[in-house]
Amino acid sequence: MAKNLIYQYWKVADGSRLGTHGNELPYTERVCIPLVKKYAERIGADYRFDADPSFAIASDKWSTWVSKYYNCFEPCFNPEVYQDYDNILYVDCDIGIPFFINDNIFEDQGQYFDIAICREREQEWTRRKQSIDGLSKEYNRFRANTPDSLREVHYYSDEKWIELVEKALNTKIRRNEHGLKKLYNSGVVLYTQHGMQKARDKWLPFEEYLDIVEPMRPTDYYLADQEYLNAMIHKSDMVVQEMSEDWNARVCNYGPLYDCRTPTSKFIHVQVEMGCQKCQEQKMRTILSEQRPYDPWRDLKVLLPIMGLTEHET
């Protein structure tokens with residue numbers, strides 16, 4: 001019988017300790033982390049949560065950045081701790097799993113793969129529109145209210161990233177049926193032991209990748225763990241199992257509101273600005289709804305006024 005682990009971590013950005021004054025977990029993570037642990041118990045997997053891990057390190061130039069974002073790769077690069085596991089699932093701390101979900105993610109995939117991961121198909125669809133029509137007035141309006149680190153994330157920035165990565169790594173980035181970059185989300189990633197060995201053998205040190213993509217700044221999205229993972233998947237020619245989006249259904253209002261849940265969604269990726277405590281509780285009850293099937297339109301009508309949006313802004 002396979003031995004499986006679910007791994008999570010949280011790193012305080014300023015280097016202080018989690019749980020000290022002013023460094024408590026955000027509300028979303030406080031709700032979601034215990035749900036993931038309970039899910040691991042239900043399916044018979046081991047569970048590990050690391051508070052303030054120090055595994056991912058780099059030179060002074062990139063030390064803070066790597067420490068904050070790259071500890072998610074510890075299971076790949078620390079075989080002394082993780083070599084006894086056949087499969088390791090990394091799950092972001094803002095992913096909630098409703099208590100009635102008993103489907104076993106480790107048993108839902110094929111047999112012969114290095115890494116299993118979900119695509120952001122709704123974002124690929126948006127990129128396709130941008131490749132045809134350019135950046136719309138609506139996109140520019142949302143972009144004006146977006147942090148620098150995310151503002152320039154679109155079809156044209158993807159193409160710039162692809163050019164940098166393909167030239168430096170002598171590889172080809174996989175594209176979808178419309179010729180656009182496949183967007184793999186790093187919030188739910190399942191590694192096999194063979195895949196982790198391939199990572200140790202073929203992936204770049206973190207800071208080497210960061211030096212390659214530094215021209216993408218100030219759009220730091222391309223310097224974080226997700227795009228490193230996307231680049232290394234291609235560099236090491238990993239066998240990718242594209243998981244059903246049921247395992248990473250995103251509810252996101254970083255820009256337009258995306259609600260990608262369906263009646264069969266299992267893991268809910270909560271990327272929503274929470275606001276006051278009353279709003280937080282109402283949003284989480286709605287997003288991690290105990291009602292089945294999910295009714296995104298019902299939930300949308302609840303979420304929009306809390307977020308200060310109208311139907312025309314989604």
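**Close-ups of a predicted model**

**View 1. Asp237, in the loop between H11 and strand S7 (240-242).** Everything in these views comes from a predicted model. Asp237 isn't a glycine, yet its phi is positive, near 50 degrees. That's worth a second look, since most residues other than glycine have a negative phi. Is Asp237 buried or exposed? Its relative accessibility is 55%, and exposed means over 50%, so Asp237 counts as exposed.

**View 2. Helix H8, with its buried side and its exposed residues.** H8 runs over residues 155-169, and at 1.5 Å a residue those 15 residues should span 21 Å; the C-alpha atoms at its ends are 21 Å apart, so the two agree. Which residues of H8 are buried? They are Ser157, Asp158, Trp161, Ile162, Val165, Glu166 and Leu169.

View 3. Asn170 lies in the loop between H8 and S6. Here's another residue other than glycine with a positive phi, this one near 55 degrees. With 73% relative accessibility, Asn170 counts as exposed.

**View 4. A cis peptide bond from Arg217 to Pro218.** Omega is near 15 degrees here. Most peptide bonds are trans. As for where to look, Pro218 sits in the loop between helix H10 (206-213) and H11.

**View 5. The largest cavity, with about 40 Å³ of space.** The structure holds one cavity of 30 Å³ or more. What lines the largest cavity? Its lining is made up of Cys72, Phe73, Tyr90, Ser186, Val189, Tyr191, Asp225 and Leu229. Strand S6 (184-192) and helix H11 (225-235) are the elements that give two or more residues to this lining, and S6 has the largest share, with three. By type, the lining residues split into six nonpolar, one polar and one charged.

**View 6. An open sheet of four strands, in the order S4-S10-S8-S9.** The pairing in this sheet is mixed. Strand S4 (95-96) and strand S9 (258-259) are at the edges with a single partner strand each, so one side of each has no neighbour in the sheet. Strand S8 (residues 249-252) pairs with S9 in the antiparallel sense, over two bridges. Look for Cys252, which stands opposite Tyr258 in S9.

Terms used:
Residues are numbered from 1 along each chain as its sequence is written. This is a predicted model: local features need pLDDT of at least 70, side-chain atom pairs count only at pLDDT 80 or more; totals for chains, interfaces and linings use all residues. Side-chain values use heavy atoms; hydrogens and water are left out. The expected span of a helix is 1.5 Å times one less than its number of residues. Buried means under 20% relative accessible area, exposed over 50%, partly exposed in between (1.4 Å probe, protein chains only). On a 1 Å grid over the protein atoms alone, a cavity is a set of points where a 1.4 Å probe fits but cannot get out, and a pocket is an open set with protein on both sides within 12 Å along at least five of seven lines; lining residues have an atom within 4 Å of a point. Grid points are joined across faces, edges and corners, and a volume is the space filled by probe spheres set on the points. Ala, Val, Leu, Ile, Met, Phe, Trp, Tyr, Cys and Pro count as nonpolar, Asp, Glu, Lys and Arg as charged, and the others, Gly among them, as polar. Two strands pair if DSSP finds at least two bridges between them.
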